[in-house]
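Work through the exercises below with the structure open beside you. Try each task before you read its solution.

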Amino acid sequence: MSDQPHPQDRTRVLIPAERIQARIVELAREIRADLGDGPLTCIGVLKGSFIFMADLVRALDGPVRCEFLGVSSYHGGTRSTGVVRITEDLSHPIEGHHCLLVEDIVDTGLTLDYLRHFLEGRKPASVHTVCLLDKPGRREVEVAPDYVGFTIPDEFVVGYGLDLGEFYRNLPYIAVYSP
Ligand code: IMP
């Protein structure tokens, strides 16, 4: 028998795949309406945002650059360590670029707060932030993403890029994980 967790065992669907796709189209329209049609550097935060990033950039009209930042803040459990570490830097300078930081979920807010300051240090023209999911009930620092896909309650979620111990990222929907 494999020791891999089995999705059906401990998860229930919170946001179905179709709702995620519909919301991403709306978000892309909102972002372009606010930020204009010019070049936009989308910066996906790995690993959790890789699927959201892929769907969002395809929904965005106009010129888009794709960059990634590797960040580690969890170490296999369901609670943050509070320590943010850059594991992979941008591949190009972003000085003078209009940037959109693409996050999977904002929980305590520590990661978003850290990354916003990190990017601002690279002298971009602007930094906006979009997260697919927001858990405002668990904030430890006051940060508000500019664009939010869905506001969710304080539950640990997996799927659509989000993991538990590196599993479940491949689920096409967002599910609540109950141990
Ligand atoms: P924060 O720094 O506490 O806001 O957490 C940000 C990161 O923690 C996210 O980018 C996720 O990778 C991870 N995270 C927070 N909540 C969850 C969750 O419910 N499921 C999976 N990962 C989560």
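**Exercise 1. Find which strands cover the buried residues of α4.**

Step 1. Start with the cover. It includes β2 (40-46), β3 (64-72), β4 (85-88), β5 and β6. Helices (H or I, at least four residues) and strands (E, at least two) are DSSP runs, numbered from the N terminus.

Step 2. In α4, Thr111, Leu112, Leu115, Phe118 and Leu119 are buried. Buried means under 20% relative accessible area, exposed means over 50%, and partly exposed lies in between (1.4 Å probe, protein chains only).

Step 3. Look down the axis of α4. The buried residues fall within an arc of 130°, so they line one face of the helix. The arc is that of the directions from the helix axis to the C-beta atoms.

Step 4. Recall the general rule. An α-helix has 3.6 residues a turn, so residues three or four places apart point the same way.

Before going on, note the ground rules. This is a predicted model, where local features need pLDDT of at least 70, side-chain atom pairs count only at pLDDT 80 or more, and totals for chains, interfaces and linings use all residues. Residues are numbered from 1 along each chain as its sequence is written, and side-chain values use heavy atoms, with hydrogens and water left out.

**Exercise 2. Describe the salt bridge between Lys135 and Asp107.**

Step 1. Apply the rule: a salt bridge is a side-chain nitrogen of Lys or Arg within 4 Å of a carboxyl oxygen of Asp or Glu. The closest N and O atoms of Lys135 and Asp107 are 3.8 Å apart.

Step 2. Lys135 is in the loop between β6 (126-134) and β7 (147-151), and Asp107 is in the loop between β5 (98-106) and α4 (110-120). They are 28 residues apart, so the pair links distant parts of the chain.

Step 3. Check burial. Lys135 is buried at 5% relative accessibility. Asp107 is buried too, at 10%.

**Exercise 3. Work out whether Asp134 is buried or exposed, and do likewise for its salt-bridge partner Arg139.**

Step 1. Confirm the pair. The side chains of Asp134 and Arg139 meet at 2.8 Å, N to O.

Step 2. Read the accessibility. Asp134 has a relative accessible area of 8% and is buried. Arg139, at 22%, is partly exposed.

Step 3. Lys47, Asp163, Glu166 and Arg169 are linked in a network of them.

**Exercise 4. Give the strand order of the open sheet of 3 strands.**

Step 1. Read across. The order is β1-β9-β8, and the pairing is antiparallel. Two strands pair if DSSP finds at least two bridges between them.

Step 2. Find the edges. β1 (11-15) and β8 each have a single partner strand, so one side of each is left without a neighbour in the sheet.

Step 3. Inspect one pairing. β1 and β9 (residues 174-177) are joined by 4 bridges. Arg12 stands opposite Val176 in β9.

**Exercise 5. Which residues does Arg122 contact, leaving aside neighbours within four places in sequence?**

Step 1. Locate Arg122 in the loop between α4 and β6. Its relative accessible area is 31%, which makes it partly exposed.

Step 2. List the contacts (heavy atoms within 4.5 Å). They are Asp89, Leu90, Ile94 and Glu95.
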